[in-house]
Every structure is written in C-alpha cells, then in structure tokens.
Amino acid sequence: MASFSFGAGNARKIAAIPLYAAGRLATALIPRSTDEWVFGCAVGVADGALALWRVAAADGVQAVWLVADDRDAAEAAALGIRAVRRSSPRGWWRTARARVVVVTHGLGDANRYAVRGSFLVQLWHGIPLKRIGLDSPAMLRLPRAIQLMIGERQSTRLVAAMYRSATRGIRLVPAASHLVRGRLESAFALDDARVPVTGEPRVDVLSQGDAATRRRSARASIEAAVGGLPPDARLILYAPTWRDGEPDPAVPDAAQWRRLADLLEHQDAVLLVRSHPLGAGEYRPPVPTPRVRAIGSDLVRDITPTLPGFDALITDYSSLAFDSALVPLPVIYLAPDEADYTRRRGFYGSYRDVAVAPARDWDAAASELEAVLSDPADRDERLRRATDLSARVHAFRDGGNAVRVYRAIRAGLSGPPSSPRKGDT
C-alpha cells in the first residue's frame, strides 16, 4: 500500500494551519543569525543538499542537518555532520534561528513551522517531466470527502493559495538549464531572478572525475547494497514513477515474469527494481530468481550516484531519464497508462519528445531490452538519444553545480540573486 498521497498530505497541512500561524508569529519575533545554515532532505543525508553542504562546509559555514529518525542521525554522524531532530524543540529553534534553510523536497525537510523569514533554498529533486506544483492539479488535490463538502474548485483554490503562500518565501531554486528554468518558475510562481541557471547539485556526482572511476565506484555501491551479484552481469535499473497512491499498472503478470527471467538469464543480466518510496506495486516474480532483485530506498537512499554502474534504465515518467542522460545510459520507456497519466498529471512539453515510442507492456519492453543487450546498433541509437536529451536539459556538465549554487546563495544574501554565466565555476 502507498504510504502517502497528495490529497492526504494537503489535508494535513490544512489541519496544521494554526501551527503555521503560530510559527509565523514566533519567527517574526526571533532574530535570525547572520551565518548559521540548516539542511534537510526527505530521503536522508543525501541528494543535492549533501552536495551543497560539502561546498558550504569547506567554506567554513556553520551548518546543522535536520534529521527525521535514528537512521538519518547515524548517516549524519558517519559523515561527520552535526545533526538535530527536525521535529524536536531544538530542530524548531535551529530552523527559526538559521539564516539559510536548504531543502530538497518541501518545507517538511526542515521544521516547516519555522522557515518563514529565512533565506529559503529549494533545490528540488530532479528535472520535472511531469507537471509539478501550481502547474499540476493532481498536487493541489484534497481527499474526496473534503471536495464533496466544500466543492472541488474551492478545494483546489484553497490548496493553491496555501502553496503560493509557502513558495513566496523561496529565495532560490537552481535550474539545470534555461529550458528547465521556465518550468520551475511556473511551478513555484517565482520570478526569474530567483531561479538562476546553475545546474543541479544533485547530479554533480555524475560529472566529477573520469567515467571509469565513476562506474567502478557505482558498481561497488550497488554490490554493497544488494550483495551477491554475478561479477560480470549487466545491471538493468527499473524505476517506475509514483502514482499518487494508486497501484502501479506496469507490474508484470506471471507469463511476463517468466519471459523476463529467461531473457535476463540468457543475457547474463540482473534487473534491479526500485519502486518509488511512496509508491504502490509488488514487483515479485511468482518464482524467485536471482536475476530480479530489489534496490529500494531502504537499501540505497539516493540512486543518482549509482547510475554509472548500470547498463540500461527502464522507466516511465521519472526524472531519472534526465539524470541518466549524463552517464549516458540507454533508456527503455514503459508507459502502459500514458493517456490516463497525461490527462491526470500532464507533462511539460510532449512526453513523446522524450520517450519517442514507449512500450505499452512488459512484453514489448522485454523485446526492447533484448535489443539493447544484444544489438550494438540499437544500444548506440539509444545512447545518441540520451546524449541529445542531456544537451537539451543540462547547461553544465562539469561537476561544478553545487559551487555555482553556493555562490548564488552568497550573492543573494547580500542582494538579489543573479544567474551566473555559463562556464563560471
């Protein structure tokens, strides 16, 4: 079962309006420090927040990581990062006093009731293909029971107003490129001064060092997380998108599982399934096989650094398609619900501009995977598409995105944020 939906999350925010109001009053009275920063991330001590923390810490910034649980705290301690529980009184106080608050998903990455008045940096967690924020009616939804009470249009307006109130406090959202910049400006209702084209800190790891070293490191991380992989097997990552609490329509049936297992055995490959941490869907073959393994967020918090260790990606609407283009990886698109998903969620631009000709089911996807693994021409064509996609959405591929974001924050602290020139590292 899914553990979260937009509707349930929005309903909780409405119920917490008195706490937001109390927090706004308190932060108006409590002076913020001149130099303290706090960092938070919904998926642990990871993602773009960690990349930016490393740059800030190297420059002497006094920073605290706001953790959710013991696992986060242990990860922070292993990295030598000072941590505080974000939901604790100390977490509230550190957030209320911080000059800079850095998040990757939402205000809940920090202590959401104490961010007002800070220099709020929203790193986000991927280039949006599907619509997000104010551009997505799905993200502005309330539970059906509330919609029936106050009306669907009124409920959407209420959530949109709350969302605008929250995003109004954002001072900086880094964009991967000018193409992506427009999407973020629209989704967060921000002017272009707050959305500089710096590149995303979260993908620096895919450009730093040389390709061979990145691949060795990534393979080692995958092996450490999953264990027992055949030493020379080709690794295929399958990463379906979260569908707001609805079951995943792409789960293979028994016959498709058998065909897929036979194909993986014949091609000496392993399929590593990464269901979305909030998603629903059981990816368990009816007959256990070592050729299909799970690599969920319980094993690997941030999948991005492991991408160079894979030989292909299968996905539907995930931003991983953009991330993997930096490797690059051949991508197989599996979208059995394209028409319905387009209607409910929508895309920036056309889905076919990215996916070209997506597979409709696992039978078609398995045929495409077989071609990727056995036909060099097919693989080369998909790599060419990935490289072209990377050129469209990534303005920088030099591993210096976190440095540019840090400089943009520093500039914003002393005046309006500005977009650095391309190549300024």
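Biologist: Why is His394 called buried in this predicted model?

Modeller: The relative accessible area of His394 is 3%, and buried means under 20%, so His394 is buried.

Biologist: Where is the place of His394, and which residues does His394 touch?

Modeller: His394 lies in the loop between helix 15 (376–393) and helix 16. Not counting residues up to four places away in sequence, His394 touches Ile127, Ala176, Ser177, Phe322 and Leu326.

Biologist: What makes Leu190 count as buried?

Modeller: Leu190 has 10% relative accessibility. The cut-off for buried is under 20%, so Leu190 counts as buried. Leu190 is placed in the loop between helix 8 (178–188) and helix 9 (211–226). With residues up to four places away in sequence left out, Leu190 touches Thr167, Ile170, Val173, Glu185 and Val195. The C-alpha atom of Leu190 is separated by 9.8 Å from that of Gly169, and these two residues are 21 residues apart along the chain.

Biologist: How many aromatic pairs does the structure hold, and why is the pair of Tyr317 and Phe347 called tilted?

Modeller: The structure holds 14 aromatic pairs. Among them, Tyr317 and Phe347 have ring centres 5.4 Å apart and planes at 55°.

Biologist: What parts does the pair of Tyr317 and Phe347 tie together?

Modeller: Tyr317 is in the loop between strand 10 (312–315) and helix 11 (320–324), and Phe347 is in the loop between helix 12 (338–344) and helix 13 (351–355), so the pair ties together parts that are 30 residues apart in sequence. Both Tyr317 and Phe347 are buried.

Biologist: Why is the pair of Phe347 and Tyr351 called stacked?

Modeller: The ring centres of Phe347 and Tyr351 are 5.0 Å apart and the planes are at 20°. Planes under 30 degrees apart count as stacked, so the pair of Phe347 and Tyr351 is stacked. Phe347 and Tyr351 are both buried. Ring pairs also link Tyr317, Tyr333, Tyr341, Phe347 and Tyr351 into a cluster.

Biologist: What makes the charged end of Arg404 count as sitting over the ring of Phe396?

Modeller: The charged end of Arg404 is 3.7 Å from the centre of the Phe396 ring. The distance cut-off is within 6 Å, and the charge must also be within 35 degrees of the ring normal. The charged end of Arg404 does sit over that ring.

Biologist: How do you know that the span of helix 3 agrees with its 12 residues?

Modeller: At 1.5 Å a residue, helix 3 (residues 47–58) should span 16 Å, and its end C-alpha atoms are 18 Å apart, which agrees. The buried residues in helix 3 include Leu50, Leu52 and Trp53. Strand 1, strand 2, strand 4 and helix 16 (401–414) are included in what covers the buried residues of helix 3.

Biologist: Why is helix 10 called roughly parallel to helix 14?

Modeller: Helix 10 (residues 254–266) and helix 14 (residues 362–374) pack at an angle of about 5°, with their axes 10 Å apart. Angles under 35 degrees count as roughly parallel, so helix 10 is roughly parallel to helix 14. Residues that make the contact include Leu260 and Leu263 of helix 10 and Trp362 and Leu369 of helix 14.

Technical notes:
Residues numbered from 1 in each chain as written. Predicted model: local features only at pLDDT ≥ 70, side-chain atom pairs only at ≥ 80, totals over all residues. Heavy atoms only, no water. Phe/Tyr/Trp six-rings, centres within 6.5 Å; stacked < 30°, edge-to-face > 60°. Helix = DSSP H or I, 4+ residues; strand = E, 2+ residues; numbered from the N terminus. Buried < 20%, exposed > 50% of the residue type's maximum accessible area, 1.4 Å probe, protein only. Contact = heavy atoms within 4.5 Å. Expected span 1.5 Å × (residues − 1). Axes fitted to C-alpha atoms, helices over the stretch in contact; angles between N-to-C directions. Parallel < 35°, antiparallel > 145°, perpendicular 65-115°, else oblique.
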